[in-house]
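Reader: Could you take me through the charged pairs in this model, once we both have it on screen?
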Amino acid sequence: TYHGVLPAFDFMRPLEPTVSDFEWQMELLSKYFNPLSLTDALSLLEYGELPDRAVCVTFDDGYANNEELALPVLERFGIPATVFVATDFLNGGRMWNDTVIEALRGAEGEVFDLDSLGLGVHEIKNIEERSKAAGVIIRAIKHWPPEKRLEAVDAIEAMVGSLPKDIMMSDDQVRHLKECGVEIGAHTKSHPILSTMELEQARAEIVDSKVYLEQILNSPLRYFAYPNGRPGIDYRIEHRDLVEIAEFNAAVSTNWGVVSSLSDKWQLPRFT
């Protein structure tokens, strides 16, 4: 599981690989593993013909750098991939966690006061403190109800002014990925924690993201990724059932593990 690939190390996103890191990792996979598309891997698994050291590369969220920076590396090493897209953020949108990160990056002064939001006061005298503050805030609000979290993030953005609008892909970039052989999957509309929502809201998030992507790609969508992705915490069995009812062929979680013939096709484990 990947999210973004960066041109250079970023203190505000310390866990994201650089292009150099990603090139090394993909070269390793191409030499010592058998990279497969999700479609091929699941088909071979079903027929008991999965090769040794089979691996699938996936990306979550829909960052523009998937198309701009990761795709050329994947093509160079002949590695298939699947990109799961949260559709509300396409074409100039921004995920709530990225709003927090970019707000902390650009905030003026040495203190970021979020006491009025119940999120405390944070020292931001240097980049290390800014990165730490962003992490603390993101963890604090991640499981808030979507409406409450959105209000907090909007207030944070208002404190710092204009933020980047080119972090996520455009529709055209999603189409380009598909044209280059990358499998596109759905990742809900607004990347909510499904377990915090009413079931009908969750159903709309799942189904509407599928419909949107099928319309811009003019082809059926086969795969889904649960936001945050921890079974029993971020989504429950009823959400798994919604995904199957929505006629996805399979779905992936972030539960660490390898896929076998015993795996539930709508709760496939992945390593991040």
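**Salt bridges**

Author: In this predicted model, the side chains of Asp-264 and Arg-240 form a salt bridge (2.9 Å, N to O), the term meaning a side-chain nitrogen of Lys or Arg within 4 Å of a carboxyl oxygen of Asp or Glu. Asp-264 belongs to the segment after strand 9 and Arg-240 to helix 9 (residues 237-245), so that distant parts of the chain, 24 residues apart, are linked. Helices (H or I, at least four residues) and strands (E, at least two) are DSSP runs, numbered from the N terminus.

Reader: Is Arg-240 buried or exposed?

Author: Arg-240 is buried, with a relative accessible area of 10%, while Asp-264 is partly exposed at 24%. Buried stands for under 20% relative accessible area, exposed for over 50%, and partly exposed for in between (1.4 Å probe, protein chains only).

Reader: And what does Asp-60 pair with?

Author: The side chain of Asp-60 meets that of Arg-270 in a salt bridge (2.9 Å, N to O). Because Asp-60 lies in strand 3 (residues 57-61) and Arg-270 in the segment after strand 9 (250-252), this pair ties together parts that are 210 residues apart in sequence. Both Asp-60 and Arg-270 are buried.

Reader: Changing topic, how many salt bridges are there in the whole structure?

Author: The search finds 20 salt bridges.

Reader: Which residues and confidence limits apply here?

Author: Residues are numbered from 1 along each chain as its sequence is written. Local features need pLDDT of at least 70 and side-chain atom pairs pLDDT 80 or more, whereas totals for chains, interfaces and linings use all residues, and side-chain values use heavy atoms, leaving out hydrogens and water.
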